[in-house]
Amino acid sequence: MAQETMKAMKILVAVDGSECGLAAVENTGRMPWPAETSVEVLAVAEIPTPTLPWSMPLPSGNFETWERIFEERATAQTAQALERFNEVNLGRCEVKARTLRGSAREAILGEADHIDADLIVLGTHGYNAFERFWLGSVSRAVAAHARCSVRIVRHKEARDSGKTRILLAVDGSVFGERAAAAIAARPWPENTEIKVISVIHLPFTPTPETWALPESYYSELERAGREQAREAIDRALALLAGAVSTAGTPLPISSEPIVGHAEDRIIETAKSWEADLIVVGSHGRSGWKRFLLGSVSHAVVSHAPCSVEIVRFPEDQTETHQS
């Protein structure tokens, strides 16, 4: 699939002046997106309330000063981000900046809906009054409630190999297949590799109540799990057959079914394989279609050694509510 025939994307990059936010900008700027892809850099002036629980109310004049300071800071953040983006992107994408006032999470989600974004990109950490961890607030809220895909960027030191390694985790659900299709729908840097895994999670371990089961029961259970994992991998591989580099060459792809707890094995594999990006679907398969962010996706985003992208399409939320 040539890059020119790939669908252009609309990408929203949220920044806050932190190094993690700038890492998200650089990550976006370095990627070879489809032709005519547009990028919007967004900074939010999250102005503190004039009444603080530990102090007297601020005089209105002082609060107006705070408003101006935070708005100027947001403008400076977008200027810094644009400069960094243009340094690494070299004009490949159209880019613009915008600043908004209000709650960061609400502004990011609202702006993504407003521009009909395909992907939101943000860093793992951010600044507020206490320089807190974003995954407990903004990043987690955006990942949980966005109507599009979300990439949470974690900065990594470059390896000597110069390779980009993408770890795709699938489970046989339509959401995992969409994640595979999303990878195939974009061009990737030269020397990109893809590894597809499907984790076989046995539903329970032996207890006194299960001793009476035949010895072959657990081996049969694992065999069935491996068959299901192999089917999930094969469907993903079929979709990934169109995955190409910027030169139009097919990407090398490997695969492996793994036994264990999904979140643990995904993270372990990402570490041992030195992945640069983990890609997962927005929902999973565990007897029913469930929202992964409360379980597997949240654990992966929180503890992964690299960036994580949660692939989501607007119709995914509708399907979840109908499940």
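Colleague: In which helix is the place of Gly21?
Modeller: This is a predicted model. The helix that holds Gly21 spans residues 19–30. That element is helix α1.

Colleague: Is Gly21 buried or exposed?
Modeller: The relative accessible area of Gly21 is 4%. Buried means under 20%, so Gly21 is buried.

Colleague: Which residues is Gly21 in contact with, leaving aside its neighbours within four places in sequence?
Modeller: Contact here means heavy atoms within 4.5 Å. With the neighbours within four places set aside, the partners of Gly21 are Val15 and Asp16.

Colleague: What separates the C-alpha atoms of Gly21 and Thr124?
Modeller: Along the chain, Gly21 and Thr124 are 103 residues apart.

Colleague: Which backbone oxygen does the side chain of Asn89 reach?
Modeller: Asn89 is in helix α2, residues 60–89, and has a relative accessible area of 0%, so Asn89 is buried. Its side chain makes an approach of 3.1 Å, within the 3.5 Å limit for a polar contact. The oxygen belongs to Gly29.

Colleague: Is Leu90 buried or exposed?
Modeller: Leu90 lies in the loop between α2 and β3. It has a positive phi of about 55 degrees although it is not a glycine. Exposed means over 50%; at 66% relative accessibility, Leu90 is therefore exposed.

Colleague: What is the relative accessible area of Asp116?
Modeller: Asp116 sits in the loop between α3 and β4. Its phi is positive, about 60 degrees, although Asp116 is not a glycine. Asp116 counts as exposed because the cut-off is over 50% and its relative accessible area is 53%.

Definitions and conventions. Residues are numbered from 1 along each chain as its sequence is written. This is a predicted model: local features need pLDDT of at least 70, side-chain atom pairs count only at pLDDT 80 or more; totals for chains, interfaces and linings use all residues. Side-chain values use heavy atoms; hydrogens and water are left out. Helices (H or I, at least four residues) and strands (E, at least two) are DSSP runs, numbered from the N terminus. Buried means under 20% relative accessible area, exposed over 50%, partly exposed in between (1.4 Å probe, protein chains only). A polar contact is a pair of N or O atoms within 3.5 Å; within protein, one must be able to donate a hydrogen and the other to accept it, and residues adjacent in sequence count only if both atoms are side-chain atoms.
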